[in-house]
Amino acid sequence: MLLGSELPLGHEIGLIVVAAIFIAFALASSFLVPRYKPDFPGPSGLGVFVIVSVVMFALMVAAVNFFG
């Protein structure tokens, strides 16, 4: 198991960037978007939201697998 100080700088930056994108998506979809669109994701946007959520999760898992 590697600690943060044992990872190369490029890998640490890669993990931080992917994590920041994942966190920003999660916060925006839970706090920001529902404020302006109360029925978010609604019946018409639910499929797109689920696909984007699964893709974001897969990217985070892939980043941990690649960078970690």
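Helices are DSSP runs of H or I of at least four residues, numbered from the N terminus. On that basis, Val52 belongs to helix α2. The model shown in these views is predicted.

**View 1. Packing of helices α1 and α2.** Helix α1 spans residues 9-36 and helix α2 spans residues 42-67. Their axes come within 10 Å of each other, and the crossing angle is roughly 160°. The two helices are therefore roughly antiparallel, an angle over 145 degrees being counted in that class. The crossing of α1 and α2 is left-handed.

**View 2. Residues forming the contact of α1 with α2.** On the α1 side, the contact is made by His11, Gly14, Leu15, Val18, Ala19, Ile21, Phe22, Phe25 and Ser29. On the α2 side, the contributors are Phe49, Val52, Ser53, Met56, Phe57, Leu59, Met60, Ala63, Val64, Phe66 and Phe67. Sorted by class, this contact comprises 16 nonpolar and four polar residues, with no charged residues.

**View 3. Helix α2 and its buried residues.** Helix α2 has 26 residues. From its first C-alpha to its last, α2 reaches 36 Å, close to the 38 Å expected at 1.5 Å a residue. Buried positions in α2 are Gly42, Gly45, Met56, Met60, Ala63 and Phe67. An α-helix has 3.6 residues a turn, so residues three or four places apart point the same way. The cover over the buried residues of α2 includes α1. Among these buried residues, Met56, Met60, Ala63 and Phe67 also take part in the contact with α1.

**View 4. The cis peptide bond at Pro41.** Pro41 is located in the loop between α1 and α2. The peptide bond from Phe40 to Pro41 is cis, and its omega is near -5°.

View 5. Gly10 is a residue of helix α1. Gly10 counts as partly exposed because its relative accessibility is 47%, a value between the limits of 20% and 50%. Phe67, by contrast, is buried in α2. Gly10 and Phe67 are separated by 57 residues in sequence, while their C-alpha atoms are 8.4 Å apart in space.

**View 6. Val52 and His11.** Val52, in helix α2, is partly exposed, with a relative accessible area of 34%. Val52 and His11 are 41 residues apart in sequence, and the distance between them is 24 Å, C-alpha to C-alpha.

Terms used: Residues are numbered from 1 along each chain as its sequence is written. This is a predicted model: local features need pLDDT of at least 70, side-chain atom pairs count only at pLDDT 80 or more; totals for chains, interfaces and linings use all residues. Side-chain values use heavy atoms; hydrogens and water are left out. Axes are lines fitted to C-alpha atoms, for helices over the stretch in contact, and angles run from 0 to 180 degrees between N-to-C directions. Angles under 35 degrees count as roughly parallel, over 145 as roughly antiparallel, 65 to 115 as roughly perpendicular and the rest as oblique. A crossing is left-handed if the near helix is turned anticlockwise from the far one by less than a right angle, and right-handed if clockwise. Contact means heavy atoms within 4.5 Å. Ala, Val, Leu, Ile, Met, Phe, Trp, Tyr, Cys and Pro count as nonpolar, Asp, Glu, Lys and Arg as charged, and the others, Gly among them, as polar. The expected span of a helix is 1.5 Å times one less than its number of residues. Buried means under 20% relative accessible area, exposed over 50%, partly exposed in between (1.4 Å probe, protein chains only).
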